[in-house]
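Please look over the sequence and the model below. The briefing that follows goes through its main features by topic.

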Amino acid sequence: MELEEFERNNSQSRLLSSPVPQICRTEDCCLGIDEAGRGPVLDSKTLSEADRERLFEKLNGSSDYIGWALHILSPNIISTSMQQRAKYNLNALSHDTAIGLIQFALDAGVQLTEVFVDTVGPAEKYQEKLKKIFPELDVTVRPKADSLFPVVSAASICAKVARDRVVKDWKFVEDLGELDADYGSGYPNDPKTKEWLSRHLDPVFGYPQFVRFSWSTAQTILDNKATPVAWGDEDDDSAGGKSSTPSVLSFFSAPKDVSQPQSHRFFQERHLQPLLEF
């Protein structure tokens with residue numbers, strides 16, 4: 001599992017995969033889908049990290065008939081998606097990622113006939129959604145599918161191993177000095193997780209990109225301890241305010257020198273723009 005591409009720029013998501021076994025191009029195959037990480041940084045552990053690594057190496061060593069693909073979603077992408085004006089919630093993001101992985105397998109030439117998915121949201125609606133998109137496939141969506149179907153168990157191992165490795169080797173783009181890497185379980189009932197979030201909160205900039213800002217526990221700490229910010233409506237055309245819609249005459253005026261220094265990476269990655277008028 002080569003994670004170098006993601007580690008070079010962990011503010012963006014990345015799709016990784018093993019080679020497609022030749023038998024998967026000629027024989028009927030099934031696909032399992034699961035995810036890891038619904039907290040701000042980590043996920044719960046049924047197996048130890050060492051056990052997961054051992055099982056993944058066993059799966060990876062069976063490359064004659066087993067392949068895998070991973071779509072690593074950056075916490076930064078999740079945060080910006082969920083907090084943008086047109087909300088893109090976590091369930092929809094998870095569904096679209098699963099759809100993308102199924103399509104990736106089909107495009108790669110896998111002779112796919114069955115798909116088993118650990119549900120995100122109501123299982124029946126999710127299953128119906130997938131069947132409409134992939135009517136040629138036999139789709140099964142269930143809660144706790146990783147404990148019901150071996151192929152989903154294998155997918156869960158792959159996802160969690162990737163998560164473990166990414167978290168362990170996370171490269172902070174922010175200058176945080178000596179950082180405590182003991183994040184806890186990543187769930188709201190874990191005092192260690194909440195304590196870490198409180199200690200690493202910047203009152204202006206919030207958290208490092210490692211943390212998903214949109215997570216409710218992180219959001220609560222931000223609301224209670226961060227500096228409050230009042231955002232103006234960019235489309236406010238109320239009395240006394242200027243319309244954001246340019247005049248048609250502006251398109252015929254002489255071009256102006258609009259060259260500006262490039263903004264810092266922090267603002268680019270969060271899609272922040274300078275406020276030109278008050």
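In the protein chain, 71% of the contacts with a separation of 6 or more are between residues 24 or more positions apart; a contact means heavy atoms within 4.5 Å. This is a predicted model, in which local features need pLDDT of at least 70 and side-chain atom pairs count only at pLDDT 80 or more, while totals for chains, interfaces and linings use all residues. Residues are numbered from 1 along each chain as its sequence is written, and side-chain values use heavy atoms, with hydrogens and water left out.

**Overall make-up**

- The secondary structure of the protein chain comes to 10 helices and 5 strands; helices (H or I, at least four residues) and strands (E, at least two) are DSSP runs, numbered from the N terminus.
- Of the 278 residues of the protein chain, 37% count as buried, where buried means under 20% relative accessible area, exposed over 50%, and partly exposed in between (1.4 Å probe, protein chains only).
- The protein chain has an accessible surface of about 17200 Å², and carbon and sulfur atoms hold 54% of that area. Accessible areas come from the Shrake-Rupley method with a 1.4 Å probe; for residues, only the protein chains shown count as cover.

**The sheet and its helices**

- Strands of a sheet pair through backbone hydrogen bonds, either parallel or antiparallel.
- Here, an open sheet of 3 strands runs in the order β2-β4-β5, and its pairing is parallel. Two strands pair if DSSP finds at least two bridges between them.
- β2 (29-33) and β5 (138-142) are the edge strands, each pairing on one side only.
- Neighbouring strands of this sheet are turned by 15° against each other on average, direction ignored. Axes are lines fitted to C-alpha atoms, for helices over the stretch in contact, and angles run from 0 to 180 degrees between N-to-C directions.
- β2 and β4 (residues 112-118) run parallel and are joined by 5 bridges; Cys30 has Glu114 in β4 as its bridge partner.
- Helix α7 (residues 150-168) packs on the sheet and touches β2 and β4, with a direction at about 50° to that of β2.
- Helix α6 (residues 123-133) lies across β4 and β5 and runs at about 160° to β5.

**Nonpolar cores**

- A nonpolar core is a set of buried Ala, Val, Leu, Ile, Met, Phe, Trp, Tyr and Cys residues joined through side-chain atoms within 4.5 Å.
- The largest one has 29 residues, and Met1, Phe56, Trp68, Leu197 and Tyr207 have the most contacts inside it.
- At least two residues of this core come from each of α3 (49-60), β3 (69-72), α7, α8 and α9, and α7 gives the most, with 6 residues.
- A second, separate core has 19 residues, including Cys29, Ile33, Tyr126 and Val141.

**Helix α8**

- Which residues of helix α8 (residues 191-199) are buried? They are Thr193, Trp196 and Leu197.
- Seen down the axis of α8, the buried residues fall within an arc of 100°, so they line one face of the helix. The arc is that of the directions from the helix axis to the C-beta atoms.
- α9 (216-225) is included in what covers the buried residues of α8.

**Two exposed loop residues**

- Lys144 is found in the loop between β5 and α7, and its relative accessibility of 61% makes it count as exposed.
- Most residues other than glycine have a negative phi.
- The phi of Lys144, a residue other than glycine, has a positive value near 55°.
- Pro228 lies in the loop between α9 and α10 (265-269) and counts as exposed, at 74% relative accessibility.
- Pro228 and Val204 are 24 residues apart along the chain, and their C-alpha atoms are separated by 8.5 Å.
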